[in-house]
Amino acid sequence: MPPLIDPVSTSATLPTQSPVVIIGGGIIGLVAALNLAERKIPVVVIEKGRLAAEQSSRNLGWVRKTSRLPEDIPLAKAADRLWAGMAERVGSDVGYRQAGIMFVARHAEQMAMHERWFEQVKHLHLDSTLLSSAEIARRVPGGKSTWAGGIFTPTDGRAEPTKAASAIAKAAQQLGVVIVENCAVRSLITSGGRISGVMTERGEIKCEQVLLATGAWSRRFLMNHQIALPSLPLICSVLQTKPLTGPTEIAVGAPDFSFRRHHSGGFIVTQRGALDAPLTLDHLLIGLRYRQQLKQGRGNLRIGFGRYFFQDLRLGRRWKENQRSPFEQVRTLDPQVNSELNQEALRNLIDAWPAFKDAQIAQQWAGVIDVTPDSNPIIGPVDALPGLVLATGFSGHGFGTSPAAGQLAADILSGHSPLVDPSPYRFERLS
């Protein structure tokens, strides 16, 4: 059962034209729409299923700078500032709390990774600090484990995925953004070598620019236009507990579990050391580009061959604009939960902090993460097709940076001075 998202009433009518069309009603696309509307630029957001029904509502809700790649930290820092003002901006609580994030290490090798990162980002003036086992116990009392150490960033935090995207969507609508759900965009329309519209299952919308913010679907969509986006899927399984008295408001990540407080009073828990990696045809086509990631993270991947492969294969990779597209065949990616991984996470968590021994599972779900070869997203134009801008490939970091990532995409679309240097996110780096 997927998370229950705050409902949003959307338009039943598809406009015939708009200067900007955003494909994808996840949180990145919605933030971009809000920014454009605040700049008086008309926008239509088109979502094949329901708003935020995929990874935008299924992620862990962490808002962090810790352990990000150095070149990605300016975007994360900008996101902190924007998250802090988001509730006032949209007139609704988005669940943002700046309670800090702590990572703990079981042995010296894991701690050395945190120490290396700490040295790499010193020039960025973060408030991260390295912790001893005693300092971990002081900040998160009641634990039974003896840790090799940890790292803590007090200005990291969390927000609520089931609340944030909906609140942003409603604020964008109040400024004139038209949002259409259950309407798949089948293809891009070009004229004179540049974007001139999009073809949906309900007909054409003329436009001058398109933002593609479709997460794990982006590779398939672009493939139909002979644009090669390297992206592979990972599946993260998550559980939510019933209300529970826990040891801390700090979000904690250990090598084999993580937890953070949920607005309901329970906790969001996952097996941080394990992700399902279902094999697809794309692994044969572009898998070699992920050799370095596989070398570093092989122990965290549960590689499998099964029904996901055949489901993916049946969707097809080529279609015409007058044909039913893969996005109409599958409106929402809803992968099967790996309950064994969730149980592993809960057992590991109870061993470390016995306060969780009374935890009862209220709900479980899984979501598909789209991962690029360097784990950085693509936010920027496609030079080969003027008028097309991408905001995709967030590699599990999209929700946390969404206020800044969506604004950066809007800056590029509107010609504004970019919020941060966009060069680490340009599409051509992956060509």
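Predicted model: local features only at pLDDT ≥ 70, side-chain atom pairs only at ≥ 80, totals over all residues.
**Glutamine 110.** I started with glutamine 110, which is buried, at a relative accessible area of 18%. My cut-offs: buried is under 20% relative accessible area, exposed is over 50%, and partly exposed is in between, with a 1.4 Å probe and protein chains only. Glutamine 110 sits in helix H5, residues 108-120. Helices (H or I, at least four residues) and strands (E, at least two) are DSSP runs, numbered from the N terminus. The side chain of glutamine 110 reaches the backbone nitrogen of arginine 106 at 2.7 Å. Leaving out residues up to four places away in sequence, I found glutamine 110 touching Ala105 and Pro255; contact means heavy atoms within 4.5 Å.

Residues are numbered from 1 along each chain as its sequence is written, and side-chain values use heavy atoms, with hydrogens and water left out.

**Whole protein.** I looked up 14 helices and 21 strands. The radius of gyration is 21 Å, close to the 22 Å that the globule rule gives for 431 residues, so the protein is as compact as a globular protein of that length. That radius is taken over C-alpha atoms, and the rule is 2.2 Å times the number of residues to the power 0.38. The C-alpha trace spans about 65 × 45 × 40 Å along its principal axes. Buried residues make up 57% of the 431. Of the contacts with a separation of 6 or more, 76% are between residues 24 or more positions apart.

Most residues other than glycine have a negative phi. Glutamine 226 lies in the loop between helix H8 (218-223) and strand S13 (232-241), and at 62% relative accessibility it counts as exposed.

**Salt bridges.** How many salt bridges does the structure hold? I got 25, where a salt bridge is a side-chain nitrogen of Lys or Arg within 4 Å of a carboxyl oxygen of Asp or Glu. One of them joins arginine 219 and aspartate 282 at 3.0 Å, N to O. This pair links distant parts of the chain, 63 residues apart: arginine 219 is in helix H8 and aspartate 282 in helix H9 (residues 281-286). Are arginine 219 and aspartate 282 buried or exposed? Both are buried. They also belong to a salt-bridge network with Arg220, Asp312 and Arg317. Next I checked lysine 122, which meets glutamate 119 in a salt bridge at 3.3 Å, N to O. Lysine 122 is partly exposed at 47%, and glutamate 119 is partly exposed at 48%.

**Valine 337.** I found valine 337 in the loop between helix H12 (326-329) and helix H13 (339-352). It counts as partly exposed, at 23% relative accessibility. Not counting residues up to four places away in sequence, valine 337 touches several residues, including Trp365 and Ser237.

**Phenylalanine 305.** Last entry: phenylalanine 305 is in the loop between strand S18 (301-304) and helix H11 (307-314). With a relative accessible area of 54%, phenylalanine 305 is exposed.

Terms used
Polar contact = N/O pair within 3.5 Å; in protein donor to acceptor, adjacent residues only side chain to side chain.
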